[in-house]
Amino acid sequence: MFIHGDADTFVPFEMVGELYDAAGGKKELFVVPKARHAKAYQTDPTGYENRVTSFIAKYIRT
């Protein structure tokens, strides 16, 4: 799972597309509007938790 803020200036936003395209296998991209570097959770905690929980639930059986 790729999580990236569109306001990240440390790792340019454009890089997430390159990384996502290069990765094989099952994957998802979650772009957090207005999130700076490493601030995706602080910017949108509900969205972050929902997306990560949903992604994990697809591949982990309890």
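Student: Where does Glu28 sit?

Tutor: In this predicted model, Glu28 is in the loop between helix H1 (14-22) and S2.

Student: Buried or exposed, that Glu28?

Tutor: Glu28 is buried, at a relative accessible area of 14%. The cut-off for buried is under 20%.

Student: What does the side chain of Glu28 make a polar contact with?

Tutor: With the side chain of Lys58, at 2.5 Å.

Student: And which residues does Glu28 touch, leaving out those up to four places away in sequence?

Tutor: Met1, Phe2, Tyr20, Arg51, Phe55 and Lys58.

Student: OK, on to the strands. How do S1 and S2 run, and how many bridges join them?

Tutor: S1 and S2 run parallel, and 4 bridges join them. S1 covers residues 2-5, and S2 covers residues 29-32.

Student: Which residues of S2 are on the covered face, and which on the uncovered one?

Tutor: Phe30 and Val32 make up the covered face of S2, while Leu29 and Val31 are on the uncovered face.

Student: What stands opposite Val31?

Tutor: His4 does. His4 belongs to strand S1.

Student: Is His4 buried or exposed?

Tutor: His4 has a relative accessible area of 9%, so it counts as buried.

Student: What does the His4 side chain reach?

Tutor: The backbone oxygen of Val11, at 3.1 Å. Val11 is also one of the residues His4 touches when those up to four places away in sequence are not counted.

Student: Are Lys34 and Ala38 buried or exposed?

Tutor: Lys34 is exposed, with a relative accessible area of 72%. Ala38 has 63% relative accessibility, so it counts as exposed.

Student: Changing topic: which residues make the nonpolar surface patch?

Tutor: Ile56, Tyr59 and Ile60 make it, and the patch is about 290 Å².

Student: Where is Ile56, and how does its accessibility come out?

Tutor: Ile56 lies in helix H3, residues 45-59. Its relative accessible area is 43%, so Ile56 is partly exposed.

Student: Let's step back to the chain. How many helices and strands are there, and in what pattern?

Tutor: The chain has 3 helices and 2 strands. Along the sequence the pattern is β-α-β-α-α.

Student: What does the C-alpha trace span, and what percentage of residues count as buried?

Tutor: The trace spans about 40 × 30 × 15 Å along its principal axes. Of the 62 residues, 19% count as buried, His4 and Glu28 among them.

Student: Last one: what percentage of contacts join residues at least 24 apart?

Tutor: 54%, taken among contacts between residues at least 6 apart in sequence.

Definitions and conventions
Residues are numbered from 1 along each chain as its sequence is written. This is a predicted model: local features need pLDDT of at least 70, side-chain atom pairs count only at pLDDT 80 or more; totals for chains, interfaces and linings use all residues. Side-chain values use heavy atoms; hydrogens and water are left out. Patches are made of residues with over 30% relative accessible area and no salt bridge: like charges are joined within 9 Å, nonpolar side chains (Val, Leu, Ile, Met, Phe, Trp, Tyr) within 5 Å. Accessible areas come from the Shrake-Rupley method with a 1.4 Å probe; for residues, only the protein chains shown count as cover. A salt bridge is a side-chain nitrogen of Lys or Arg within 4 Å of a carboxyl oxygen of Asp or Glu. Buried means under 20% relative accessible area, exposed over 50%, partly exposed in between (1.4 Å probe, protein chains only). A polar contact is a pair of N or O atoms within 3.5 Å; within protein, one must be able to donate a hydrogen and the other to accept it, and residues adjacent in sequence count only if both atoms are side-chain atoms. Contact means heavy atoms within 4.5 Å. Two strands pair if DSSP finds at least two bridges between them.
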